[in-house]
Amino acid sequence: MSEMDVLFATLRQAADPQVVECIENVVRHGADRELNRINVLAFAEKHHLEEEKTIAAFLHAARIGAFEMTWNVLCPGCGGVLDSGATLKGVVQDTYHCALCAAGYEPTLDAMVEVTFTVSPRVRGIAAHDPDRLPPLEYYRQIFFSSGVDLPQDLEAKFQRILLEMIELAPGEKAFVSLQLPAQFVIIFDAVTHSAQFIDVQGEPTSERQALSMVISRGHALNETVTLRPGLLRLTLENHTDRRVVPNVCIAGDDLHDLLGRRRPFLTAKRLLTNQSFRDIYRTDTLDVDQRLKITSLTFLFTDLRGSTALYERVGDLAAFDLVRAHFRVLHEIVATEAGAVVKTIGDAVMATFPSPDRAVAAALRMREAMRRLNAEHGSEDLLLKIGIHEGPCLAVNLNDRQDYFGQTVNIASRVQGLADPNVIMTTEAIVEDVNVSEILRDSGISSASRMAELQGIGREVRIFALS
């Protein structure tokens, strides 16, 4: 039995068999390009698989060494990969600069950090394992652009419409290029070092030869825009790095914007952090203790059992423990199936996160119904669940050797739960105003009653909604 056979036999024990079969088929028969920086959501859509099961399968595949997981910091403008690392701990800069877009961005985990998977060399060798050997345009496709940029299969043909020149330069090599400048905005860009030079071509055409030099170095350099006239340009390019570089000269017009403007969903760091399989596998190895990474929108759900102390007194420690444990098991299952993750439990309380308000509300409704069923099975109203939900910005942090969250959004969600009555789901305006939540409530026949309430430690009144 080969190592690949052993790995996939192991993977089948941990992940959904249908997903594993699809992954194995692509590994054995797919093109190299299909196995580099895999967009898990696109993979699930292409093979008609459930997203959560597909994410879980690739996480388990990375855990056993069949795939390598990569965290890529993206430019929200062009979709280029600005930085890349094996863990989220590599996202350490306050600002990431994109030379192609001439803009700087503060990293957030919502849309600026993607997670992709590349087949391990021990399973199958692919061209991207040695990216400097990729053809220049394949380097742009497979290494520079993120998995969220939906590049066409005929990228070469479409790129030729705007391409004036593309060359390869070995380390230390210099090249002289002659080309005709059109009366348009032109960019010289190298995807390896992210060096860029903008040329504003304007005015009357000239018959005189113009000259321009560009040094490509490790500094992600952006040079000042130069103004030239339409006509012949003698361009000198120098590679001052120890790697091959692949600069191109292209027209920055509508065709380029259309080419890079096609986007598709991808697995964000935010979504992965709020995935139960990820938290189970990578429990203590996500963030460094000093990291503070921003998330612009995350939904928090808090639960607590009312009267659990009296429950222990009434039915005894053993029976009460079994009931509470059953309640935890049900809540964990519901959270996981709604694309959420349990961050921690405190006594009889649960703190969970979800990528969007509708998944949290769907989970809350299922939790309430599940507690009713458990109580009916035991012939008593022992499990009285209080639920609170809020959505907003927060920080992903490392607290007590655990990936956790910090900020006012977390505080409000916790305080809202404290105001809930048993079997009533308490939410904020941010939740009920969500379009998808409104649809869930309408379809479920759930009514809401609102009031203003003071939340301890918040310093202002907040409008809360009771869903009953």
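Here, Ala, Val, Leu, Ile, Met, Phe, Trp, Tyr, Cys and Pro count as nonpolar, Asp, Glu, Lys and Arg as charged, and the others, Gly among them, as polar. Keep those classes in mind for the linings below. The model is predicted.

**Stop 1: the largest cavity**

Searching the whole structure turns up two cavities of 30 Å³ or more. Go to the largest cavity, with a volume of about 150 Å³. Select Y140, F145, F159, N248 and L256; of the 13 lining residues, these lie nearest the centre. Now colour α5, α6 (155-160), β8 (185-190), β13 (247-251) and α7 (254-261), the elements that give two or more residues to this lining. The largest share, three residues, comes from α7. By class, the lining of the largest cavity has twelve nonpolar residues, one polar and no charged.

**Stop 2: the largest pocket**

Move to the largest pocket, which holds about 640 Å³ of space. Pick R33, E34, N36, Q153 and R264, which lie nearest its centre among 23 lining residues. Show α3 (40-46) and α5 (136-144): each supplies at least two residues of the lining. α3 gives the most, with three residues. Nine lining residues of the largest pocket are nonpolar, seven are polar and seven are charged.

Stay on R33. Its side chain forms a salt bridge with E138, with the closest N and O atoms 2.9 Å apart. R33 sits in the loop between α2 and α3 and E138 in helix α5, so this pair links distant parts of the chain, 105 residues apart. R33 is partly exposed, at 33%.

**Stop 3: the second largest pocket**

Next, find the second largest pocket, with about 470 Å³ of space. Its 24 lining residues include R37, S84, P131, Y139 and I143, which lie nearest the centre. β1 (67-74), β2 (81-85) and α5 each give two or more residues to this lining. β2 gives the most, with five. The lining divides into eleven nonpolar, eight polar and five charged residues.

Where does this pocket lie relative to the domains? Colour domain 1 (3-134) and domain 2 (158-261): both give residues to the lining, so the pocket lies between them.

**Stop 4**

Select R28 and D5, whose side chains meet at 2.5 Å, N to O. R28 is in helix α2 (residues 17-29) and D5 in helix α1 (residues 3-14), so the pair ties together parts that are 23 residues apart in sequence. R28 is partly exposed at 35% relative accessibility. D5 is partly exposed too, at 28%.

Then select E168 and R244, a salt bridge with its closest N and O atoms 3.0 Å apart. E168 is in the loop between β6 (163-166) and β7 (174-181), and R244 is in the loop between β12 (231-239) and β13, 76 residues apart. R244 is buried, with a relative accessible area of 10%. E168 is partly exposed, at 44%.

**Stop 5: strand β19**

Finish at β19 (residues 425-428). I425 and T427 point one way, M426 and T428 the other, and all are buried. On one pairing, three bridges join β19 to strand β17 (residues 384-399), and the two run parallel. There, I425 is the bridge partner of I387. β19 also pairs with strand β21 (residues 461-467), in the antiparallel sense, over four bridges. In β21, L467 stands opposite I425.

Technical notes: Residues are numbered from 1 along each chain as its sequence is written. This is a predicted model: local features need pLDDT of at least 70, side-chain atom pairs count only at pLDDT 80 or more; totals for chains, interfaces and linings use all residues. Side-chain values use heavy atoms; hydrogens and water are left out. On a 1 Å grid over the protein atoms alone, a cavity is a set of points where a 1.4 Å probe fits but cannot get out, and a pocket is an open set with protein on both sides within 12 Å along at least five of seven lines; lining residues have an atom within 4 Å of a point. Grid points are joined across faces, edges and corners, and a volume is the space filled by probe spheres set on the points. Domain bounds come from an automatic or database domain assignment. Buried means under 20% relative accessible area, exposed over 50%, partly exposed in between (1.4 Å probe, protein chains only). Two strands pair if DSSP finds at least two bridges between them. A salt bridge is a side-chain nitrogen of Lys or Arg within 4 Å of a carboxyl oxygen of Asp or Glu.
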